Amino acid sequence: MSNDRFQADRESVLFHSKRMWEAGLVVASAGNVSARVSGHNAIAITPTSVSYDVMTADQVVVVSLDSGLPIESKVRPSGELPTHLAVYRHRQDVGAVVHTHAPYVSTLSVLRRPLPPIIDEMIVYFGGTIEVADYAFTGTDDLGANVVGALGDRAGVLLSNHGNLCVGSDLAEALHVALTMESTARIYVESLRTGDPVVLPEESLKAGRAMYEKRRRRPR
Ligand SMILES: [Zn+2]
């Protein structure tokens, strides 16, 4: 197993998947994680229907971005593969994708309510309001198209009645976005429950957005 040419890529996807699971952003085998494979036009993505507590690196599936088919696999890739492929094909700056069913994020997705700019750090890390992608059934090409449209140039998007999808230049960054988005969604849901949330002033949006764009342009 150690001479597998994709071993490091598989290990990294597994490591960050387990961190997503340990943080409570998903339960059992829900959600999925992928990353571009260095030196190949391909991604490594978590398998379908394998719980994170027993998932192993050799179960992470390497898929061609050209054909959308597995290059090497012992198990089938995540059923959300079409959505991951759509994001990588439309966003060259994206190196990794984390898709979660985190509770507060999913609450907003069921309400089909965007996550507005309420905390400084979300502008810096997300690039602005997190929009809601129109509903389409899980795993369909329609869902991929809806996600790409609502994601725009930002770092995340809500999926109607489902969860969210977060992106980054690498796995650590995409996971950081997912963790920050769940914490921000929790603050927003709690503030809706207890009063009327106030969004940030325009000048803060501009300052945060400038920082986001600077971060996105940095060399990888
Ligand atoms: Zn899902």
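H101 is partly exposed, because its relative accessible area is 31%; buried means under 20%, exposed over 50%, and partly exposed in between, with a 1.4 Å probe and protein chains only. H99 counts as buried, at 2% relative accessibility. This is a predicted model, in which local features need pLDDT of at least 70 and side-chain atom pairs count only at pLDDT 80 or more, while totals for chains, interfaces and linings use all residues. Residues are numbered from 1 along each chain as its sequence is written, and side-chain values use heavy atoms, with hydrogens and water left out.

Now take helix α6, residues 171–194. Helices are DSSP runs of H or I, at least four residues long, numbered from the N terminus. At 1.5 Å a residue, the 24 residues of α6 should span 34 Å, and the end C-alpha atoms are 35 Å apart, which agrees. The expected span is 1.5 Å times one less than the number of residues. D170 caps the N-terminal end of α6, with a side-chain oxygen 3.4 Å from the backbone nitrogen of A172.

Elsewhere, V13 lies in helix α1 (residues 7–22). V13 counts as buried, at 0% relative accessibility. V13 and S34 are 21 residues apart in sequence, yet 6.2 Å apart in space, C-alpha to C-alpha.

Key:
Helices (H or I, at least four residues) and strands (E, at least two) are DSSP runs, numbered from the N terminus. A polar contact is a pair of N or O atoms within 3.5 Å; within protein, one must be able to donate a hydrogen and the other to accept it, and residues adjacent in sequence count only if both atoms are side-chain atoms.
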